[in-house]
Amino acid sequence: MPESKYIRCEEVVEHLLTFLDGEAEESRRKLIAQHLEECRSCCSRVDFELALRHKVQETATRKPTVRLKQKIRQLIDEF
Ligand SMILES: [Zn+2]
């Protein structure tokens, strides 16, 4: 496969948060999305990030700041 069209897992991980925040460059976003379709390990990493964010948001809206750090730690331990 031509190197210029594909990116490695390391690069996906490196830019994952930017990607999820929708702040990645258009070209990089496409490459990451393409990679995620084919890479199971990166895909499950994204699932993890999204699930974590979702739970953190739920927690945050119910109980602002209270024990949020503990909750995050707990969620990470559960995974
Ligand atoms: Zn990957």
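In this predicted model, helix α1 is followed by G22, a residue whose phi is positive, near 75°. The helix itself comprises residues 9-20, and its length can be checked against expectation: at 1.5 Å a residue, the 12 residues of α1 should span 16 Å, and the C-alpha atoms at its ends lie 15 Å apart, which agrees.

The two sides of α1 differ in their exposure. The buried residues of the helix are V12, H15, L16 and F19, and because they cover an arc of only 165° around the axis, they are placed on the same side of α1. The face turned away from this buried side carries E10 and E14, both of which are exposed.

In soluble globular proteins, nonpolar side chains tend to be buried together. Here the largest nonpolar core is made up of 9 residues, namely I7, V12, L16, F19, I32, L36, C39, C42 and V46. At least two residues of this core are supplied by each of α1, α2 (26-38) and α3 (40-62), and α1 gives the most, with 3 residues.

One member of the core, I32, touches I7, V12, H15 and F19 when residues up to four places away in sequence are not counted. H15, which is found in α1 and is among the buried residues of that helix, is in contact with R28 as well as I32, leaving aside its neighbours within four places in sequence. The side chains of H15 and R28 are, moreover, joined by a polar contact of 3.3 Å.

Note on methods: Residues are numbered from 1 along each chain as its sequence is written. This is a predicted model: local features need pLDDT of at least 70, side-chain atom pairs count only at pLDDT 80 or more; totals for chains, interfaces and linings use all residues. Side-chain values use heavy atoms; hydrogens and water are left out. Helices (H or I, at least four residues) and strands (E, at least two) are DSSP runs, numbered from the N terminus. A polar contact is a pair of N or O atoms within 3.5 Å; within protein, one must be able to donate a hydrogen and the other to accept it, and residues adjacent in sequence count only if both atoms are side-chain atoms. Contact means heavy atoms within 4.5 Å. The expected span of a helix is 1.5 Å times one less than its number of residues. Buried means under 20% relative accessible area, exposed over 50%, partly exposed in between (1.4 Å probe, protein chains only). The arc is that of the directions from the helix axis to the C-beta atoms. A nonpolar core is a set of buried Ala, Val, Leu, Ile, Met, Phe, Trp, Tyr and Cys residues joined through side-chain atoms within 4.5 Å.
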